[in-house]
Amino acid sequence: MSMIANLQYGWTLFVNPIGDKFHWSLAEIQIAFTIFVLTETWLVPIEGYLVDRFGPRPVTLLGGLLVGISWVMNAYADSLLLLYVSAAIGGTGAGAVYGTCVGNALKWFPDRRGFAAGLTAMGFGAGSALTVIPIATMIKSQGYEATFFSFGIFQGAVVFLLALLLAGPPDGFARTVAPQKALLGSRRDFTPAQMALTPVFWVMYLMFVMMAAGGLMATAQLAPIARDFRIADVPVSLVGVTLPALTFALSIDRVLNGVTRPFFGWVSDKLGRENTMGLAFLIEGLGIIALAQYGQSPVAFVILSGLVFFAWGEIYSLFPATCADTFGSRYAAANAGLLYTAKGTASLLVPLTSVLAADRKSHV
């Protein structure tokens with residue numbers, strides 16, 4: 001999970017260098033981000049079905065190969081078409097890894113689904129925290145092409161090797177480990193098709209789309225936002241650390257985006273999924289509004305972007321856990337994958353934000 005995090009959360013560091021080299025518009029480049037998210041999410045139900053049928057290992061092995069190939073292709077992409085194809089390959093690989101790991105966690109820990117899904121998803125949310133500075137430094141010193149190539153090989157190799165250690169639980173494991181808790185949410189195991197026919201699934205889907213949209217916009221546009229505010233390279237000193245505002249924000253955001261997943265997952269195991277969602281969603285809305293209003297200050301930009309990511313990342317533990325609670329463990333990987341496609345739907349709004357930003361600039 002940590003090794004696929006940069007495909008999404010490190011992307012913003014490459015956007016401006018790519019644009020400077022080829023003079024493509026921001027909106028054109030960000031279409032690649034949308035394609036990545038779409039293939040990462042919309043193919044997960046298929047990958048989840050393969051996991052439920054054949055186990056997690058073969059699906060993740062293939063994912064590791066695709067992840068490595070994608071970033072190596074990015075290093076040589078000299079056309080938008082090639083950039084888009086690479087994004088599709090990377091998204092497919094990342095989705096195979098993500099869906100497999102979260103689905104497997106839901107199956108192994110039926111009595112602590114929120115915390116288990118949150119810990120697993122933390123790898124994706126915080127996985128890029130330690131590599132933000134190395135990637136940013138390498139882009140400046142060696143160019144974005146060499147950075148894509150080196151990190152692509154490294155990340156793909158690690159995923160491939162660790163995939164050999166994955167295994168799924170035996171049939172009926174959930175009811176053996178926690179017979180009462182496992183049955184509290186659902187007394188039957190819904191297939192993805194059966195789940196899709198229930199109204200509650202579509203309520204959850206719409207909620208997921210709305211929550212995912214705000215965070216994805218921040219993820220893809222954080223570097224351009226910092227540049228528009230003219231604070232990207234302004235030094236910020238907090239807790240004894242001094243870094244450029246954008247680098248500082250990206251580092252803190254990745255940590256908080258990871259920590260929030262097991263934290264709110266644990267809270268939801270205690271307080272209930274719906275109560276926890278209400279609290280986190282309110283904080284997220286207020287954080288986005290505050291970032292737009294006060295983000296011109298470098299210190300406020302760092303702190304408020306961190307708040308946005310802290311209140312956003314929890315959706316990747318709360319929704320999978322709620323899905324398994326409601327629809328059972330047997331098809332947890334495929335069902336969580338189908339719900340996860342809401343993230344792909346939300347990503348369709350990301351290029352729109354670039355268009356709106358460009359339109360606003362033209363009228364200023």
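Trainee: Which residue in β2 is the bridge partner of valine 236?
Mentor: Start with the two strands, β1 (residues 235-238) and β2 (residues 241-244), which pair in the antiparallel sense over four bridges. Strands are DSSP runs of E with at least two residues, helices are runs of H or I with at least four, and both are numbered from the N terminus; two strands pair if DSSP finds at least two bridges between them. In β2, the partner of valine 236 is leucine 243.

Trainee: What kind of model is this?
Mentor: Residues are numbered from 1 along each chain as its sequence is written, and side-chain values use heavy atoms, with hydrogens and water left out. Local features need pLDDT of at least 70, side-chain atom pairs count only at pLDDT 80 or more, and totals for chains, interfaces and linings use all residues; the model is predicted.

Trainee: In the hairpin of β1 and β2, which residue takes a positive phi?
Mentor: Look between the strands, where this hairpin has two residues. The one with a positive phi, near 45°, is valine 239.

Trainee: Which element gives the most to the nonpolar patch?
Mentor: The patch covers about 550 Å² of surface and is made by Leu62, Leu65, Ile69, Phe160, Leu161 and Leu164. Patch residues have over 30% relative accessible area and no salt bridge; like charges are joined within 9 Å, and nonpolar side chains (Val, Leu, Ile, Met, Phe, Trp, Tyr) within 5 Å. The elements giving two or more residues are α5 (56-76) and α9 (144-163). With three residues, the one that gives the most is α5.

Trainee: How does isoleucine 69 count in terms of accessibility?
Mentor: Isoleucine 69 lies in helix α5. Buried means under 20% relative accessible area, exposed over 50%, and partly exposed in between (1.4 Å probe, protein chains only). Because its relative accessibility is 42%, isoleucine 69 counts as partly exposed.

Trainee: How many salt bridges does a search of the whole structure find?
Mentor: Side chains of opposite charge can pair when their charged atoms come close. Here a salt bridge is a side-chain nitrogen of Lys or Arg within 4 Å of a carboxyl oxygen of Asp or Glu. One of them joins aspartate 111 and arginine 112, with the closest N and O atoms 3.9 Å apart. Searching the whole structure gives a total of seven.

Trainee: How many residues apart are aspartate 325 and arginine 273?
Mentor: Their side chains meet in a salt bridge at 2.7 Å, N to O. This pair links distant parts of the chain, with aspartate 325 in helix α17 (residues 315-327) and arginine 273 in helix α15 (residues 273-294), and the separation is 52 residues.

Trainee: Which residues are linked with Arg113 in a network of salt bridges?
Mentor: Arginine 273 also bridges to aspartate 269, where the closest N and O atoms are 2.7 Å apart. Aspartate 269 is partly exposed at 27%, whereas arginine 273 is buried at 10%. The network links Arg113 with Asp269, Arg273 and Asp325.

Trainee: What kind of pair do phenylalanine 190 and phenylalanine 327 form?
Mentor: Rings of Phe, Tyr and Trp (its six-membered ring) pair if their centres lie within 6.5 Å; planes under 30 degrees apart count as stacked, over 60 as edge-to-face and the rest as tilted. The structure holds 24 aromatic pairs. In this one the centres are 5.3 Å apart with 80° between the planes, so by the cut-offs the pair is edge-to-face.

Trainee: Is phenylalanine 264 buried or exposed?
Mentor: Phenylalanine 263 and phenylalanine 264 have ring centres 5.1 Å apart and planes at 75°, so they too make an edge-to-face pair. Phenylalanine 263 is partly exposed at 38%. Phenylalanine 264, with a relative accessible area of 3%, is buried.

Conventions: Areas by Shrake-Rupley, 256 points an atom, 1.4 Å probe, with all protein chains shown as cover.
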